[in-house]
Amino acid sequence: MAVSDHVDLETFIGGVKKRNPGQPEFVQAVQEVAQDVFEFIEDKEQYHSAQILRRIAEPDRVISFRVCWEDDNHNVRVQRGYRIQNNNAIGPYKGGIRFHPSVTESVLKFLAFEQTFKNSLTGLPMGGGKGGANFNPKGKSDAEVMRFCQSFMTELYRHIGPDTDVPAGDIGVGGREIGYMFGQYKRITNRWEGVLTGKGLEYGGSQMRPEATGYGAVYFMENMLKHKKDVIEGKTAVISGSGNVATHAAEQITKQGGKVLTLSDSGGFIHDPDGINQEKIDWIKNLKNVKRGRISEYCDEFKGASYHEGKRPWSVACDLALPCATQNELNEDEAKMLVSNGVIAVSEGANMPTTLEGVHVFHDAKIMYGPGKAANAGGVAVSGLEMSQNAERISWNHARLGEMLTELMEGIHGKCVEYGDQGDGYVDYVKGANIAGFKKVADAMLAYGVV
Ligand code: NDP
């Protein structure tokens with residue numbers, strides 16, 4: 001029998017850095033997972049000798065392509081599109097599409113890697129993928145967005161399929177963009193099939209999908225608090241972002257009797273000491289999804305609120321924090337500020353919004369900290385249920401899907417506790433999510449042999 005190649009954690013990370021130059025987000029994501037996985041597999045020779053983590057940290061496929069489109073002034077524009085197919089050991093690749101100027105191969109590789117563990121945690125048969133383009137939908141007309149989406153799908157369609165890879169929305173990709181892309185896929189292939197999730201209800205979308213990520217992040221928070229015999233009711237919450245995830249997180253906090261103090265966008269944040277209630281949330285949804293305006297406009301509409309340009313909301317004292325905008329939006333100093341202002345729990349609606357240093361601050365202070373890969377898994381979980389409904393040509397009602405989402409989030413929380421309970425009453429949710437997510441994918445890969 002061959003002697004297995006046991007590298008230590010430092011050598012492993014050194015190799016990841018060397019093989020992925022100029023990809024800091026990807027290295028950061030692998031580093032976070034590797035620490036916990038190395039500890040878990042220390043006495044499990046089978047994972048070492050099969051090089052499982054090394055294989056998961058090497059995407060199955062990185063597809064990059066040119067996307068040409070014409071703007072309203074007839075200028076030809078050229079963007080770069082991607083699809084990262086990270087791992088399909090437990091099901092078809094699954095993960096969102098992001099349209100944002102900050103999209104790079106590194107950002108999408110980190111997201112596809114994280115997605116692999118997240119999807120495994122849901123318990124549903126979905127592998128990990130992610131895609132996108134460095135296209136900025138902000139300030140573009142509907143016709144320009146449509147032409148871009150059609151051009152993007154004209155290449156992407158050959159790499160995806162309902163049993164191969166099923167993309168969804170993410171930053172900059174909501175119902176409008178999914179509609180344009182699904183329409184183009186259908187036109188090119190002459191097939192009506194569940195190749196995208198997050199579709200409109202008229203054409204195969206699932207009830208509860210728009211709400212699922214934000215509601216799920218709050219259900220995860222609820223479960224963490226419940227584990228400590230506490231509740232959301234009566235607590236204040238600071239939320240970042242004002243997109244799909246943030247507005248639905250705000251809605252569910254409010255439904256459970258909490259008070260939401262802030263929301264934000266890339267321009268700054270608004271602070272409303274009276275609380276952002278359902279009427280105000282509905283107004284923001286319309287502002288962002290229909291008028292496509294800026295969060296600063298909130299202060300013209302609702303008196304008593306203040307706008308803080310160029311700032312993030314973490315200086316506002318609160319019991320609960322929910323970062324729901326983007327990656328690395330909460331750093332070490334901001335984490336310290338939250339802790340000194342008395343935060344008791346953090347649930348991440350966004351992917352990797354807290355830097356590694358910030359996560360250490362929460363852990364050292366024994367704050368309940370639910371990482372994105374567990375806390376925001378509700379979105380992809382309901383996407384998985386949309387795939388099932390499409391495959392069976394049926395649709396379940398809102399109440400049933402709501403119950404399923406609640407159960408799924410409870411199950412994910414339970415798995416995190418199983419593998420992350422430190423024995424002293426503290427649950428390391430990062431470790432729990434990493435190990436539970438890893439184990440299922442790793443065992444499937446072992447079953448396949450070297451492929
Ligand atoms: P949206 O595009 O609907 O909203 C994104 C929000 O974040 C906007 O308010 C946007 O402000 C803000 N934002 C984006 N980039 C930055 C930045 N660099 N600095 C400050 N604010 C920023 O996206 P979603 O709500 O769908 O996604 C938010 C996060 O949740 C992402 O991390 C995504 O990966 C994650 N997620 C989303 C899921 C989903 O189902 N949609 C599923 C799981 C995770 P502005 O309008 O100014 O750009």
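Colleague: What does K44 count as in terms of relative accessibility?
Modeller: This is a predicted model, in which local features need pLDDT of at least 70 and side-chain atom pairs count only at pLDDT 80 or more, while totals for chains, interfaces and linings use all residues. Residues are numbered from 1 along each chain as its sequence is written, and side-chain values use heavy atoms, with hydrogens and water left out. Buried means under 20% relative accessible area, exposed over 50%, and partly exposed in between, with a 1.4 Å probe and protein chains only. K44 has 23% relative accessibility and therefore counts as partly exposed.

Colleague: With which residue does K44 form a salt bridge?
Modeller: A salt bridge is a side-chain nitrogen of Lys or Arg within 4 Å of a carboxyl oxygen of Asp or Glu. For K44 the closest N and O atoms of the pair are 3.2 Å apart.

Colleague: How many salt bridges does the count come to?
Modeller: The pair of E32 and K373 is one of them, with closest N and O atoms 2.7 Å apart. By the same rule the count comes to 25.

Colleague: How many residues apart in sequence are the parts that E32 and K373 tie together?
Modeller: E32 forms a salt bridge with K373. E32 counts as buried because its relative accessibility is 11%, and K373 counts as buried at 1%. Helices (H or I, at least four residues) and strands (E, at least two) are DSSP runs, numbered from the N terminus. E32 lies in helix α2 (residues 24-41) and K373 in helix α14 (residues 372-375), so the parts tied together are apart in sequence by 341 residues.

Colleague: Which strand holds R83, the partner of D165?
Modeller: D165 and R83 form a salt bridge, with closest N and O atoms 2.7 Å apart. The pair links distant parts of the chain, 82 residues apart, with D165 in strand β5 (residues 165-168). Both D165 and R83 are buried. R83 lies in residues 76-87, strand β2.

Colleague: Which helix gives the most to the negative patch?
Modeller: Patches are made of residues with over 30% relative accessible area and no salt bridge, like charges being joined within 9 Å and nonpolar side chains (Val, Leu, Ile, Met, Phe, Trp, Tyr) within 5 Å. On the surface, E222, E403, E407 and E410 gather in a patch of negative charge. E407 counts as exposed because its relative accessibility is 55%. With three residues in the patch, the helix that gives the most spans residues 398-420 and is α16.

Colleague: Is M208 buried or exposed?
Modeller: M208 lies in the loop between α7 and α8, and its phi is near 80°, a positive value in a residue other than glycine. N190 lies in the loop between α7 (175-189) and α8 (209-227), has phi near 55° and is exposed, with a relative accessible area of 70%. M208 has 3% relative accessibility, so it counts as buried.

Colleague: Leaving aside neighbours within four places in sequence, with which residues is A50 in contact?
Modeller: A50 sits in the loop between α3 (45-49) and α4 (52-56). Contact means heavy atoms within 4.5 Å. Beyond its neighbours within four places in sequence, A50 is in contact with R55 and L446.

Definitions and conventions: Accessible areas come from the Shrake-Rupley method with a 1.4 Å probe; for residues, only the protein chains shown count as cover. Lys and Arg count as positive and Asp and Glu as negative; His and the chain ends are not counted. The place of a charge is taken as NZ of Lys, CZ of Arg, CG of Asp or CD of Glu.
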